[in-house]
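Hi there,

Here is the structure I promised to pass on to you.

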Amino acid sequence: MMSNDEKDSLQFMDLPTELLLQILGQLSYKDILRCRQSCKHLDTITRTDANILYKIQLGLNGLQDGPSTSLKVHDRLRILAEYQAGWDDLRFGPMRIVAMSTHGVWELVRNVLAQRNRNSLVFVQLPSAVRGIDERLWTLDSIQRDIRDFAMDPTQNLLCILETSQTEVHIHLRTLNAGDAHPLASNARISYVQEISYWSYSIRICSGYLAILFPASPILAYSFLTDHHIVLIRRHSAAELLVIDLRSVSPKGTPVDEVDYICSFRFPALKPDATVDYGEIRSDPPFSFSTEHGPATPFHLASGERLFAVFMRGSDSSSVYGSPMFLIPLDSLLPHFYRIPNLAPKLQVEWDKWGPKGTRAIPVSLRHSPVWIRNVYGMRFVDLVTETGGDPYVFVADFNQAAFRKASMNEEYVTGARTMKLVYEDSTLGWPSQMFADPVTTSLPYRWGKVHLPRNYESDNVDYDGAMVSEDAIVVVDCFDKTKYCILSICSALDIQHIVIHQD
């Protein structure tokens, strides 16, 4: 005699295949994969349905479906395969050169490269042959008299311009495409009094929040963790990441020392008498995402697929110490505080509870980059490597754990035959100039590869000073020689060509 569970199971499995696929299509890609493991019939039908396959491949690669409605699912699936193969094989089209302004202020957000040129801003929408994004150039002329810095969010058509005088900072909120006052800003010009005029500021935009870090602040670095949480490094005797809920901060202003953080992620103990006096936190794009503005694409990065690159420097009375670069996925942080109801303030998470398995530390020099760069996008991290006597290259690391697990079942990856290599092993870093008291061991798996760059053999200059990454391209920066951006865009196997240098 059959149990009720067995009868229910039979009734479900007796449904027509079309209905089964519609039901399965409402599940997450992880639940669909679990269903595959539970039933041979479900495994069979989900391996031949384009909608199911597309959803699974989006999830495995940390992507989500886009707003473009003109493409059928078979076309999207094909484009997705070409796009991911381009990144997996580090396959790029010809190198394109964009001249750099001499005014030294630039931004790369999503696929938009922008730079200051006197009192104007010049923008380039980086093209993507695979995802169907056309190149677009536009300029906002004479937009402000003294542009000290700026930030932008293409998904909100938002441009934030920071203008300074000796005693004030003026923040202008404008549209990115036309330079007009932004229609959603209740006040398109905000002014603050400052005692000293600084050269640079740190500006971040996330959803409805705009944050600006002034250099004199006790906060050394910060980034948006979610659409209402920020994570920061402060000048302190302990190396830690503090998480603050912006909803708990008074609109009238609260001194940093009086803000209750909700969680502290501790790093290993510092050397005796050392304090943290410099920090960087780099992550892009913001947690929130809108498809209202910008080019229509078949798919784009999923909102939760984010990696944080954290670098610190410490010192004592006689020495300056560096640290590794810590690569930290958002999923290594969120479970410790985001899903816990009624969380008491100042929860401390010690290093051994989150760090060794949830991060990967890689070695960098004390001054790991001479220029400002945006070297993280989604779960990818890039770094320019210049070895003595060798050609320069871009180190590309991918920390998408679902893609790593998929690759680990591919014999070509396991044997090292693919361009991207797998790193399973623990790594231990420790050297006399490191700021931590003991060597640091981390074990987060990742894939990595090299993008070799041409070198000017007629001089001793390497020609490159930093590397940045966007959703479709790697941008190599040369500030000190020919002042240029060298853009390498992902391409399909049909479009691949040898990398060439544009001759002026």
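This is a predicted model: local features need pLDDT of at least 70, side-chain atom pairs count only at pLDDT 80 or more; totals for chains, interfaces and linings use all residues.

Below is what turned up, starting with a sheet and moving on to cavities and salt bridges.

Residues are numbered from 1 along each chain as its sequence is written, and side-chain values use heavy atoms, with hydrogens and water left out.

**The sheet**

Strands of a sheet pair through backbone hydrogen bonds, in a parallel or an antiparallel way. Here you'll find an open sheet of 5 strands, ordered β24-β25-β26-β30-β27, and the pairing is antiparallel. On the edges sit β24 (376–377) and β27 (421–423), each pairing on one side only. Helices (H or I, at least four residues) and strands (E, at least two) are DSSP runs, numbered from the N terminus, and two strands count as paired if DSSP finds at least two bridges between them.

**The cavities**

The whole structure holds 4 cavities of 30 Å³ or more. A cavity is a set of points on a 1 Å grid over the protein atoms alone where a 1.4 Å probe fits but cannot get out, and its lining residues have an atom within 4 Å of a point. Grid points are joined across faces, edges and corners, and the volume is the space filled by probe spheres set on the points.

The largest cavity has about 180 Å³ of space. Of its 16 lining residues, Arg204, Ile205, Asp284, Pro286 and Arg374 lie nearest the centre. Its lining has 8 nonpolar, 2 polar and 6 charged residues (Ala, Val, Leu, Ile, Met, Phe, Trp, Tyr, Cys and Pro are nonpolar, Asp, Glu, Lys and Arg are charged, and the others, Gly among them, are polar).

The second largest cavity comes to about 120 Å³. It is lined by 15 residues, and nearest its centre are Asn61, Leu301, Arg380, Asp398 and Asn400. Keep Asp398 in mind for the next part.

**The salt bridges**

There are 22 salt bridges in the whole structure, each being a side-chain nitrogen of Lys or Arg within 4 Å of a carboxyl oxygen of Asp or Glu. In one of them, Arg34 meets Asp31 at 2.6 Å, N to O. These two are 3 residues apart in helix α3 (residues 29–38), so about one helical turn separates them.

Arg447 and Asp398 form another, with their closest N and O atoms 3.1 Å apart. Arg447 belongs to β30 (residues 446–452) and Asp398 to β26, so the pair ties together parts 49 residues apart in sequence. Are these two buried or exposed? Arg447 is buried, at 2% relative accessible area, and Asp398 is buried too, at 6% (buried is under 20%, exposed over 50%, partly exposed in between, with a 1.4 Å probe and protein chains only). Both also belong to a salt-bridge network with Asp88 and Arg380.

Finally, Arg418 pairs with Asp89, with 3.0 Å between the closest N and O atoms. Both residues sit in loops, and the pair ties together parts that are 329 residues apart in sequence. Arg418 is buried at 18%, whereas Asp89 is partly exposed at 22%.

Cheers!

Definitions and conventions: On a 1 Å grid over the protein atoms alone, a cavity is a set of points where a 1.4 Å probe fits but cannot get out, and a pocket is an open set with protein on both sides within 12 Å along at least five of seven lines; lining residues have an atom within 4 Å of a point.
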